[in-house]
Amino acid sequence: MPPRRPLRQNRSEQREDLPVARRSLPEGGARRNLLKPVAATTAVLAMTAAAGVLLFLEPLQRWLAPPPVPGLEARQSLDGRLLGHFPYPETTAASLVAVAPGLKLRSEAAEALLAMKRAAGADGVNLQLLSGFRSIELQKDIFFDVKAERNQSAQERAQVSAPPGFSEHSTGYAVDLGDGTSPQSHLSEKFDRTPAFRWLEANANRFHYQLSFPRGNSQGVSYEPWHWRYEGSLDALRLFEPARQLGR
């Protein structure tokens, strides 16, 4: 009688014969499934590390770059501001129209300003335009010459005047307004005690004009009740959105 073959071992019994090290790893598809979350986690970590490097490089690049304004040893903050002021481009000459002798604005801002001036006049208020568009070159003279005259530091000067390339006036959308019956209040905080300022507070929004630097503003710029900017076009809204976001 031939010898009997041993019964075939079932799968669990076969696994008992495997070395411990082999038994601890899943086989086939199970092993591949285990590797998937590992690969995903590695990818996430790599992306996070790359983002961290970029976040580190941006402030480093700003710090290593030359100062944005020659002659002014000051650096831009992470949101682009210099001494509290956001950067603004100089508008083109073709976009400007005259609103008073020697004074120009972007056409849409000029149209709204003249309408606002007429409405104020109808209410018995003598609204005066003191300043409109200023080129970056003119802003440079205003900033540095007056700074030297008054023996001011850059920080002191920036509280009352923007560095060149950082002035809302260069956009053609900003104006300085006064009261024709109270010239002694022009370009001073006393302007907020005039009929013209009270009228602007009540009506300027209808003509898309906003006070740029209210008292205690987030930019750290001195209170300027005379300085208003036009926000009645898509281009103007885009330019001033960083300032609006900061003020919220």
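This report walks through the strands, a helix and the pockets of one predicted protein model.

Some ground rules come first. Because this is a predicted model, local features need pLDDT of at least 70 and side-chain atom pairs count only at pLDDT 80 or more, while totals for chains, interfaces and linings use all residues. Residues are numbered from 1 along each chain as its sequence is written, and side-chain values use heavy atoms, with hydrogens and water left out.

**Confidence**

The protein has a mean pLDDT of 84, and 73% of its residues reach 70 or more; pLDDT is the predictor's confidence in each residue, from 0 to 100. Over residues 21–25 pLDDT stays under 50, and the model has 4 contacts there beyond four places in sequence (contact means heavy atoms within 4.5 Å). Where pLDDT is low, the predicted coordinates should not be read in detail.

**Strands and a helix**

Helices (H or I, at least four residues) and strands (E, at least two) are DSSP runs, numbered from the N terminus. Two strands pair if DSSP finds at least two bridges between them.

Strand β4 (residues 174–179) is joined to β3 by 4 bridges, and G178 in β4 stands opposite Q128.

Elsewhere, β1 (residues 96–100) and β2 (residues 103–106) run antiparallel, joined by 4 bridges. L96 has R106 in β2 as its bridge partner. The two strands, β1 and β2, form a hairpin with 2 residues between them, and G102 in the turn has a positive phi of about 80°.

**Pockets**

A pocket is an open set of points on a 1 Å grid over the protein atoms alone, where a 1.4 Å probe fits, with protein on both sides within 12 Å along at least five of seven lines; lining residues have an atom within 4 Å of a point. Grid points are joined across faces, edges and corners, and a volume is the space filled by probe spheres set on the points.

| Largest | about 480 Å³ | R134, V160, S161, E224 and W226 |

β3 (127–131), α5 (136–149) and β6 (224–230) each give at least two residues to the lining of the largest pocket. In the second largest pocket, β5 provides the largest share of the lining, 5 residues.
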